[in-house]
Amino acid sequence: MRVAVVTDSAAGFAAGWTAAGGRAAGVRVVAMPVLIADDILTGEHDDVTGPLMVALAAGSEVRTSRPSPGQFDQAYQRLADEGYDGVVSVHLSGQLSGTVEAARLAATRAGIAVEVIDTRTAGMAQGRAAIAAQDAANAGADLQAAAAAAAMAARASALYFYVPSVEQLRRGGRITAAAGWLGTLLSVRVILHVQGGRLVPLERMRSAARGLQRLQDLVEADLTARTGRVWLTVHYFGNEDAAAALAGRLEVIAGAGCVTTAPCPSVLAAHAGLGVLAVTVSPADAS
């Protein structure tokens, strides 16, 4: 049985990862639109990063949208035409986006079998789940086994965010449930993580240095509680040097070669804003 893997651009793959020889080679990515004023951008990396950074710095209106079911129709049909028998479709948390529902709708009318996975996470925690499915498929797993590999990797992963300003999160309505907790502080920095598929605030502080240290502390505590090797990805947006420095410190604990850096997926950066740092933690044996 030939099994393909599809994900969306919230997976946060670094440039080149899905190319031949890349760590996520074979995984197909459906773009998630970012809307800047009247412009709709559907790429990643240089195609979106520059305009998005300018828009966020200027305080321009920035929104995101799910891919249409038609985009998934096309993706699944292309794979059917290429001779695949089934698809594992691995997506951003359904609590954060309607993407997984669009994939499910398309799956009901696809010409081949499609297993849709709601990872209940984002970034490279989601990306590692897609890679786990692709690795399983490459090893000859059938559709159900490859889907199970993705689900297991997603459940075993964690995602932590340092957000230097809550303004963009407030604008996007992603932290309305935490409004009382945040209070009226104008310069609050927030540590969040993903729990039950939602962004949940953990701590708030006024100092950037304190926020970054707490992010590192939380990741280190997570690593200490795990057994076996792990993969870490440090996502950044507009602060690559800070991400590289954090990655270097985390590598001391995680081990050489276990930590990578990648731009924050544009659909997440659009809500988290400039200066966000996010760290994903995934077991190496799940991907």
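Reader: Is Arg-128 buried or exposed?
Author: This is a predicted model, in which local features need pLDDT of at least 70 and side-chain atom pairs count only at pLDDT 80 or more, while totals for chains, interfaces and linings use all residues. Residues are numbered from 1 along each chain as its sequence is written, and side-chain values use heavy atoms, with hydrogens and water left out. Arg-128 has its place in helix H4, residues 123–138, where helices (H or I, at least four residues) and strands (E, at least two) are DSSP runs numbered from the N terminus. Its relative accessible area is 3%, and since buried means under 20%, exposed over 50% and partly exposed in between (1.4 Å probe, protein chains only), Arg-128 is buried.

Reader: What distance separates the C-alpha atoms of Arg-128 and Ala-15?
Author: Along the chain, Arg-128 and Ala-15 are 113 residues apart.

Reader: Where is Ser-93 found, and which backbone nitrogen does its side chain reach?
Author: Ser-93 is found in the loop between strand E6 (86–91) and H3, and it is buried, with a relative accessible area of 0%. Leaving aside neighbours within four places in sequence, Ser-93 is in contact (heavy atoms within 4.5 Å) with Asp-118, Thr-119, Arg-120, Thr-121 and Gly-197. A polar contact is a pair of N or O atoms within 3.5 Å, where within protein one must be able to donate a hydrogen and the other to accept it, and residues adjacent in sequence count only if both atoms are side-chain atoms. At 3.1 Å, the side chain of Ser-93 reaches the backbone nitrogen of Gln-95.

Reader: Is Ser-207 buried, partly exposed or exposed?
Author: Ser-207 lies in the loop between strand E10 (198–205) and H8, and its side chain reaches the backbone nitrogen of Ala-209 at 3.2 Å. With a relative accessibility of 34%, Ser-207 counts as partly exposed.

Reader: How are H8 and H9 oriented to each other?
Author: Two packed helices are described by the angle between their axes and the distance between the axes. Helix H8 (residues 208–224) and helix H9 (residues 240–254) pack at about 20°, with their axes 11 Å apart; axes are lines fitted to C-alpha atoms, for helices over the stretch in contact, and angles run from 0 to 180 degrees between N-to-C directions. Angles under 35 degrees count as roughly parallel, over 145 as roughly antiparallel, 65 to 115 as roughly perpendicular and the rest as oblique. H8 and H9 are therefore roughly parallel.

Reader: Which residues of H9 does Gln-216 of H8 contact?
Author: Gln-216 lies in helix H8 and counts as buried, at 9% relative accessibility. The contact between the two helices includes Leu-246, Arg-249 and Leu-250 on the H9 side. Leaving aside neighbours within four places in sequence, the residues in contact with Gln-216 are Leu-246, Arg-249 and Leu-250.

Reader: At what angle do H2 and H3 pack, and how are they oriented?
Author: The axes of helix H2 (residues 69–81) and helix H3 (residues 99–108) are 8 Å apart, and the angle is about 50°. That angle makes H2 oblique to H3.
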